[in-house]
Structure formats: structure tokens, C-alpha cells
Amino acid sequence: MSVASYITALQEERQLSYMQLAKEIGITYQNMMDLKNGRIAFFSDKVLTKLSLYENKDKADIIYQSIDKDIYDESSQCSLKYLCQYMADGYSVTFRPNFPDPFKIGVMYFDGLISKKRTVNNYTAVDSWETLKIEHMKQYKNIEYSRDAYVDLFINEDMYINSVMNYAISRIDLLHDENIRSYTIIVGNNVKYDLPYIENLIPSRTKLKINIVEE
């Protein structure tokens, strides 16, 4: 979905003209047309607040429903929900930012970047643990990711989880971007069995602040 399709769906659901819908929400007709015609990528804080009151719906849910979720794999939906909550709370969020890939020619993606508004040199990178595991496994040819795929490569699960964690941290370290000060890894429901390993294997000596968040 997008902001434009969200507004169109709301207009059809309420069976109102766009002018009537704008009046009920409390925004101008011009603002409504900008939203409806896709000239605005994200709802402003002001419009989001009015929509939340009008629909009696949580701001984060509105953002989540109005974003093109096709750019996120199923394994990263937990990150998307987390990012939407931060955006609803007034933070600046960049969805699916890309950087030069330090491991191969091309670009790599993070699930998101979070910063306080009007702050330009202090970002938190966000990734899904399951997506990190999938990307980590792609380094090994002819091995498809699954829960137990590691048994052919690592002596035990501790070594495997440690390898994934080192891969995750190196994605940021090799960028040499001092503006990324912290790294939040979202552990979704599909990989919650990894939590005891992850929490015990977070490096203690790193400039990067690492946060593990359970979905």
C-alpha cells in the first residue's frame, strides 16, 4: 500500500467525497488531493494525529498500513513494525537505506535508520535477526538457509550464532560511518529460539552500542 492507496481505501470505506473526508479529518482539500494523488510519501505528524483521532487507530498502525511493504521480505516485517512505531513517536526514519556493500560489488541494505529529528550525526541502524541469518548464509555457496543449515558449516550453534553476529557488526564497521552510533537487532517470533545465544554473545568491546529487541 501507499499513502495514496490508504486515502483512497478510506474514502471508499466511508463512502464520502474527498472534500467531505477532508472536512471530517480536519485537513484542507488541497492537502487531501496531495495525499490522494501521491504527491506526499508519508503522512506529516499533524495529518497523522488527525487521522489517528478520526479513525480511532494507533499512529504506528496507520504508518504500517500506508507503507509499501513489498520492499521488505517477510523476515524483516518485525523491523518494519518497529520502525513505524519510532516514526509515530516523532523520530526521523529512513526505510531500507542502502550503502556500498563492503563484501562485494553492489549495495547492501539495512532495514532502517532512526534518528531524532534535526539530528544529523547520530543514527541507529535497524535489522531483523532472521534477515541477517539469511544474508549471512548467502556467503556460503549451494547452502540454502534453514534453521539447521549451519550444522554442515559449524561445530556447534554457539559458533554459528557468533559468526552471524560478527557478520552483522562488520556490515557497519566496514562502512567507516561514524554517524551510525548504535545497532538494534529485532528478534522476530520465527527465531526467538536464538535469544539465549544472542544475548550471551554480544561483544563487550565495541564502539557500537548493540541493542537486542524481542518482537
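Contact here means heavy atoms within 4.5 Å of each other. Leaving aside neighbours within four places in sequence, Glu 55 is in contact with Tyr 6, Leu 10, Arg 14 and Ile 62. The model is predicted, so local features need pLDDT of at least 70 and side-chain atom pairs count only at pLDDT 80 or more, while totals for chains, interfaces and linings use all residues. Residues are numbered from 1 along each chain as its sequence is written, and side-chain values use heavy atoms, with hydrogens and water left out.

**Glu 55**

- Glu 55 lies in helix α4 (residues 45-55); helices are DSSP runs of H or I with at least four residues, numbered from the N terminus.
- Glu 55 counts as buried because its relative accessibility is 14%; buried means under 20% relative accessible area, with a 1.4 Å probe and protein chains only.

**Helices α1 and α2**

- Helix α1 (residues 3-14) packs against α2 at an angle of about 95°, and their axes are 10 Å apart.
- Axes are lines fitted to C-alpha atoms, for helices over the stretch in contact, and angles run from 0 to 180 degrees between N-to-C directions.
- The two helices, α1 and α2, are therefore roughly perpendicular to each other, a term for angles of 65 to 115 degrees.
- On the α1 side, Ile 7, Thr 8, Leu 10 and Gln 11 meet Tyr 18, Leu 21 and Ile 25 of α2.
- By class, this contact of α1 with α2 has five nonpolar, two polar and no charged residues.
- Nonpolar covers Ala, Val, Leu, Ile, Met, Phe, Trp, Tyr, Cys and Pro; charged covers Asp, Glu, Lys and Arg; the others, Gly among them, are polar.

**Helices α2 and α3**

- The axes of helix α2 (residues 18-25) and helix α3 (residues 29-36) come within 9 Å and cross at roughly 115°.
- That angle makes α2 roughly perpendicular to α3.
- Tyr 18, Met 19, Leu 21, Ala 22 and Ile 25 in α2 meet Tyr 29, Met 32, Met 33 and Lys 36 in α3.
- The contact of α2 with α3 has eight nonpolar, no polar and one charged residues by class.

**Helix α6**

- The twelve residues of helix α6 (residues 77-88) should span 16 Å at 1.5 Å a residue, and the end C-alpha atoms are 17 Å apart, which agrees.
- The expected span is 1.5 Å times one less than the number of residues.
- Helix α6 is mostly covered, with nine of its twelve residues buried.
- Among the buried residues of α6 are Leu 80, Tyr 82, Leu 83 and Met 87.

Conventions. Parallel < 35°, antiparallel > 145°, perpendicular 65-115°, else oblique. Buried < 20%, exposed > 50% of the residue type's maximum accessible area, 1.4 Å probe, protein only.
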